[in-house]
Amino acid sequence: MRAEQHDDGPLVLVVDDDDEIRELIRDYLTGMGFRTRAAANGREMWHQMDDSVDLVILDLMLPGEDGLSLCRDLRHQGSVPVIMISARGACAERIIGLEIGADDYLCKPFDPRELLARIRAVLRRRPPTREHRAPEPDTADEARERCFAGWRLDLQTRRLHSPGNRVLDLPRSDFMVLKALSEVPNRIVSRNTLSQRAFGREYYPDDRSIDVCISRLRQMLEDDARRPRFIRTIRNEGYLLELPDAVE
């Protein structure tokens, strides 16, 4: 019998075609104060999706439309956080999941406590909703956006505006990486710091998550991503946002 759901906890949509795993996740999260919904495939997921969903736990291997395709569609249609789960734990699978916009990736089998920790870390990074955001003075432009080299990063909507007024919706991880780099232009930011900011976890040597974020950002910002002018790699140290005219 499932624990009684709380009225005010974050709402998590669990998408997995394995009935046992799906219900185990639901029961655990409900017991930890979350509200939950469930879906066994993409069709059911879209039926359950609305603006009240705070996070989606999405299995990679689903009947019909797979988790990667669903994650890509979720990212195109909105900014709800996505944690992908899969029995396929190869590095390439994790990279693909993160490249298409997943906020985190967890391999099966996993300890429910680790899933809980990752959910909480992702939700901590989620910008507050408009109704809960404190009003800000109109003159507080610096608190709302960050500008560099003709680009404008909106810190509230997580959108990046190009010099030609093209608007790009950033995945949370990419936004947090760019925000961290733009806070200290022309200074090296370590991979560990970026991992803490973007994913809420320590960096480990074979983790490519930050490199994937940097690659996506370069595709957006650079004329030639293979010869970046703005986001430079500092070997064995980290990355920096190079802005010669920036005031440090």
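## Sheet β6-β7-β8-β9

Two strands count as paired if DSSP finds at least two bridges between them. In this predicted model, 4 strands form an open sheet in the order β6-β7-β8-β9, with antiparallel pairing. The edge positions are taken by β6 (145–148) and β9 (167–169); each has a single partner strand, so one side of each is left without a neighbour in the sheet. From one strand to the next, the twist averages 20 degrees.

At the β9 end of the order, strand β8 (residues 159–161) pairs with β9 in the antiparallel sense over 3 bridges. Within this pairing, His 161 has Val 167 in β9 as its bridge partner.

## Helix α7 on the sheet

Helix α7 (residues 172–183) lies across β6, β7 (151–154) and β8. The helix runs at about 115 degrees to β7.

## Helices α8 and α9

Two packed helices are described by the angle between their axes and the distance between the axes. For helix α8 (residues 191–199) and helix α9 (residues 209–221), the axes come within 9 Å and cross at roughly 80 degrees.

Which residues of α8 and α9 meet? From α8 they are Arg 191, Leu 194, Ser 195, Ala 198 and Phe 199; from α9 they are Ser 209, Ile 210, Asp 211 and Cys 213. The residues of this contact divide into 5 nonpolar, 2 polar and 2 charged.

Definitions and conventions
Residues numbered from 1 in each chain as written. Predicted model: local features only at pLDDT ≥ 70, side-chain atom pairs only at ≥ 80, totals over all residues. Heavy atoms only, no water. Axes fitted to C-alpha atoms, helices over the stretch in contact; angles between N-to-C directions. Helix = DSSP H or I, 4+ residues; strand = E, 2+ residues; numbered from the N terminus. Contact = heavy atoms within 4.5 Å. Nonpolar A, V, L, I, M, F, W, Y, C, P; charged D, E, K, R; others polar.
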